[in-house]
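Let's take a walk through this model together, with the viewer open beside the text.

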Amino acid sequence: MMKRRALITGITGQDGSYLAEFLLRQGYEVIGMVRRTSTVNFERIKHFQDQITLVTGDLADEVSLISILREHRPSEVYNLAAQSFVQTSWAQPVFTGETTALGVTRMLDAVRIVDPEIRFYQASSSEMFGKVVEVPQTERTPFYPRSPYGVAKVYGHWITVNYRESYNMFACSGILFNHESPRRGLEFVTRKISHGVARIKLGLDEELRLGNLDAQRDWGFAGDYVEAMWLMLQQDHPDDYVVATGETHSVREFCELAFGYVDLDYRDYVVQDERFMRPAEVDLLIGDSSKARATLGWSPKTNFQELVHMMVDADLQLLKEQNR
Ligand code: NAP
Ligand code: F7E
């Protein structure tokens with residue numbers, strides 16, 4: 001039997017690494033697109049690099065995308081690449097639009113030109129709901145983005161829907177709520193906290209500087225969420241799905257749990273710092289993933305406490321190894 005072949009953009013990121021592992025377990029041949037950087041950043045994929053094929057391309061360069069599709073002929077494309085850090089999107093709004101918004105059109109167009117039968121997944125985001133007009137948020141909740149990143153993701157969502165309706169392409173948009181893991185970038189709040197807790201516990205730091213502690217997020221485990229991406233492309237019809245736990249917690253609660261896990265009180269260490277406040281905040285996100293649960297048979301396996309403990313444990317281990 002022919003092996004199924006999938007192309008992942010953003011394979012060096014958190015989700016790309018978990019998705020690649022998942023697809024390898026399903027017996028796929030995995031092609032990973034990486035962009036040229038002056039220093040190689042394969043930290044998250046080095047443990048399975050010999051099992052995948054890496055190709056060079058960039059969402060800013062449509063010719064590179066067409067060439068990759070022509071040469072490797074995948075049957076599924078997972079478009080995970082993006083400038084994904086919300087805070088940076090205010091400092092670099094045009095660059096964020098180029099990658100996170102127009103990059104989606106470039107990838108969709110490359111698929112349309114090379115082989116419109118390719119199944120396409122777009123990494124959409126709960127940030128599109130922004131200043132929420134409904135609680136909880138579903139596939140039908142209107143968007144109200146609050147950052148250049150959120151605005152770019154709304155464009156990426158609608159261009160995916162538009163290519164599906166214009167060209168009859170199998171294009172799906174997964175509206176994923178925050179998902180975290182020990183592989184999360186250190187700039188995102190959950191990893192910043194788990195890493196900070198571990199540093200303080202090991203005597204490497206004395207405080208942790210954060211922004212808005214009252215923001216509430218629907219946090220799940222990234223390893224659980226990549227399965228939903230794959231399930232979307234295995235259905236008879238393309239569609240859009242919310243993927244979420246259905247629970248919300250504040251940044252403060254995350255701190256309480258993470259510090260408490262190592263017998264510390266977050267109030268003794270967390271310092272609020274204006275530098276981490278945002279020009280416009282997303283106060284509350286909570287997703288209703290009933291459609292994904294009913295149609296895809298997907299549900300999260302890791303709860304909030306398990307996620308927090310997993311991340312603190314991993315950072316304690318990492319720092320112990322680094323400081324041995
Ligand atoms: P991430 O860790 O920041 O990874 C982003 C990936 O995109 C990296 O591999 C990065 O490559 C790549 N990339 C950035 N610009 C590129 C470009 N111009 N051309 C090619 N590759 C480029 O993000 P993540 O957390 O895994 O998220 C994956 C996707 O899901 C993103 O689109 C994100 O916006 C979206 N999303 C994430 C969440 C979440 O909670 N994690 C929720 C909803 C949606 P380098 O390694 O070279 O930088
Ligand atoms: O912030 C607050 C901050 O940067 C979460 C991306 O994956 O998920 C992510 O976007 C909350 C915000 O993630 C700090 O103000 C407080 O309210 O971890 P974050 P995000 O902005 O929710 C969505 C779904 C995506 O699609 C994005 O790609 O935490 N917060 N203090 C802080 N945030 C950060 N980063 N750093 C702080 O010190």
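The backbone oxygen of E134 sits 2.8 Å from a polar atom in the side chain of Q137, which falls under the polar contact rule: a pair of N or O atoms within 3.5 Å, where, within protein, one must be able to donate a hydrogen and the other to accept it, and residues adjacent in sequence count only if both atoms are side-chain atoms. Q137 belongs to the loop between β5 and α5 (148–167). Helices (H or I, at least four residues) and strands (E, at least two) are DSSP runs, numbered from the N terminus. With a relative accessibility of 0%, Q137 counts as buried; the classes are buried under 20% relative accessible area, exposed over 50% and partly exposed in between, with a 1.4 Å probe and protein chains only.

Before going further, please keep in mind that this is a predicted model, in which local features need pLDDT of at least 70, side-chain atom pairs count only at pLDDT 80 or more, and totals for chains, interfaces and linings use all residues. Residues are numbered from 1 along each chain as its sequence is written, chains are lettered from A and ligands numbered from 1 in the order in which they are written, and side-chain values use heavy atoms, leaving out hydrogens and water.

Which residues surround Q137, leaving aside its neighbours within four places in sequence? Its contacts (heavy atoms within 4.5 Å) are F129, V132, F177, V242, L284, L285, I286, G287 and D288. In that loop between β5 and α5 you will also find P136, and the peptide bond leading from V135 to P136 is cis, with omega near -5 degrees.

Now step back to strand β5, residues 119–125, where S124 lies. S124 is buried, at 5% relative accessible area. Its side chain makes a polar contact of 2.7 Å with the side chain of S173. Beyond its neighbours within four places in sequence, S124 is in contact with K153, H157, S173, G174, I175 and L176.

Just after the helix, R73 takes a positive phi of about 45 degrees. The buried residues of α2 are S64, L65, I66, I68, L69 and H72. An α-helix has 3.6 residues a turn, so residues three or four places apart point the same way. The cover over the buried residues of α2 includes β1 (5–9), β2 (29–34), β3 (53–56), β4 (76–79) and α4 (93–114).

Within α2, which spans residues 62–72, look at I68. I68 has a relative accessible area of 6% and is therefore buried. Apart from neighbours within four places in sequence, I68 is in contact with L7, M33, V55, T56, G57 and R73. The C-alpha atoms of I68 and A110 are 9.4 Å apart, although 42 residues separate them along the chain.

Helix α7 (residues 222–232) is largely enclosed by the rest of the structure, because nine of its eleven residues are buried. Those buried residues are A222, D224, Y225, V226, A228, M229, W230, L231 and M232.

What about more open places? M277, in the loop between β13 (270–272) and α9 (290–296), is partly exposed at 30% relative accessibility. Leaving aside neighbours within four places in sequence, M277 is in contact with Q87, G211, N212 and Q272. N168, in the loop between α5 and β6 (171–176), is exposed with a relative accessible area of 70%, and has a positive phi of about 60 degrees although it is not a glycine. D263, in the loop between α8 (251–261) and β13, is also not a glycine, yet has a positive phi of about 65 degrees; D263 is exposed, with a relative accessible area of 70%.

Finally, zoom out to the whole chain, which has ten helices and 13 strands. Along its principal axes the C-alpha trace spans about 55 × 45 × 40 Å. Buried residues make up 53% of the 324 residues. Among contacts between residues at least 6 apart in sequence, 78% join residues at least 24 apart.
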